[in-house]
Every structure is written in C-alpha cells, then in structure tokens.
Amino acid sequence: LNEIIDYILNCLLIDYNPNFYECLSTLFTQCSSTDNNFKKANDLMIPLIKSSKSIILQHVVPCYVLMISNSKSMIHQYLNDIMDLFLNILISSSLEYSSIKEFIIEGIQNMSMICSELFEPYFDNFMNFLISQLETNNED
C-alpha cells in the first residue's frame, strides 16, 4: 500500500485531482500506519488547506484527517503545527471553512487520543470552542 500511496502523492504533486484524494482516503483507512507517507502527504496537503478554497477543502481535509488519524508516531512531530491550524480554522468565520469544521473536530479528537500527553496544552481551547458551539446551537 505504501508504494501505491507514494505514487498517488507524486501524481498530486504534479496536478490536483479530487479523485486521487478519494483514493488516498480509502488507502489511508486500509493501512496499519500512515507514517511512511506522512511527511510527503503533510507537505502536499497543508498548503491546500491553508488556501481555504471550498472546492479543494471538501476533498483534502477528510483525506488529511484520515491520514493523521492513522499515524502511529509521525503525528507527534507535527501536532503543534496541525493543532494551531485546526484551532484557527475552528474559530474562523470564513464560509469556506464552515463545511469542513466537523472533519477538523474529528481530527482533533483523534489526535487527542493518539498524542494525549502532547494534547494537554490545547485541551482548554478545544473544550471552550465545543462549549461555545453548544451554547450557540441551543440559542438557535
């Protein structure tokens, strides 16, 4: 699987193709760990997530969340950068990010289980966000 994932990542470095992200998502769920391809996939997807283009985000973010959720060790090296990005997306009022926030929350939940010892500094901010969302939903 790692060779197939690497091939797809190389193709995506050349050209964006939403179908390849769907294939990657499937492959990420099938592998025991995404660590072998983590750096290349992270380097490819983070700039796309930061671009905040809705059409791209709907394909890239679910794939990215599956990748980080199936990491065993590499996630530890990237947790701080990913959490900073994810928390900024959650508090963003940009409409581009509104459709992916549920995936971001899922990713944060998964990272909190994988890297519980490193997640502690982010716990309060994440919980405050969840509480504010519950309060906002109750007002509606």
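For burial I used relative accessible area, with buried meaning under 20%, exposed over 50% and partly exposed in between, computed with a 1.4 Å probe on protein chains only. I kept in mind that this is a predicted model, in which local features need pLDDT of at least 70 and side-chain atom pairs count only at pLDDT 80 or more, while totals for chains, interfaces and linings use all residues. Residues are numbered from 1 along each chain as its sequence is written, and side-chain values use heavy atoms, with hydrogens and water left out.

**Entry 1: Asn37**

I looked up Asn37 and found that residue in the loop between α2 and α3 (38-51), where helices are DSSP runs (H or I, at least four residues), as strands are (E, at least two), numbered from the N terminus. Asn37 has a relative accessible area of 5% and is therefore buried. Leaving aside neighbours within four places in sequence, I listed Asn2, Ile5, Asp6 and Leu9 as the residues in contact with Asn37, contact meaning heavy atoms within 4.5 Å.

**Entry 2: Asn70**

I then turned to Asn70, which sits in the loop between α4 and α5 (74-91). Its relative accessibility is 18%, so Asn70 also counts as buried. With neighbours within four places in sequence set aside, Asn70 is in contact with Phe28, Thr29, Ser32, Ser33 and Thr34, and the side chain of Asn70 reaches the backbone oxygen of Phe28 at 2.5 Å. I also noted that Asn70 and Ile8, 62 residues apart in sequence, are 18 Å apart from C-alpha to C-alpha.

**Entry 3: Gln58**

Gln58 lies in helix α4 and, at 42% relative accessibility, counts as partly exposed. I noted a C-alpha separation of 9.3 Å between Gln58 and Tyr97, which are 39 residues apart along the chain.

**Entry 4: α2 and α4**

How do the axes of α2 and α4 cross, and within what distance do they come? I found that the axes of α2 (residues 18-30) and α4 (residues 54-69) come within 9 Å and cross at roughly 20°; axes are lines fitted to C-alpha atoms, for helices over the stretch in contact, and angles run from 0 to 180 degrees between N-to-C directions. The contact is made by Pro18, Tyr21, Glu22, Leu24, Ser25, Phe28 and Thr29 of α2 and by His59, Val60, Pro62, Cys63, Leu66 and Met67 of α4.

Note on methods: Polar contact = N/O pair within 3.5 Å; in protein donor to acceptor, adjacent residues only side chain to side chain.
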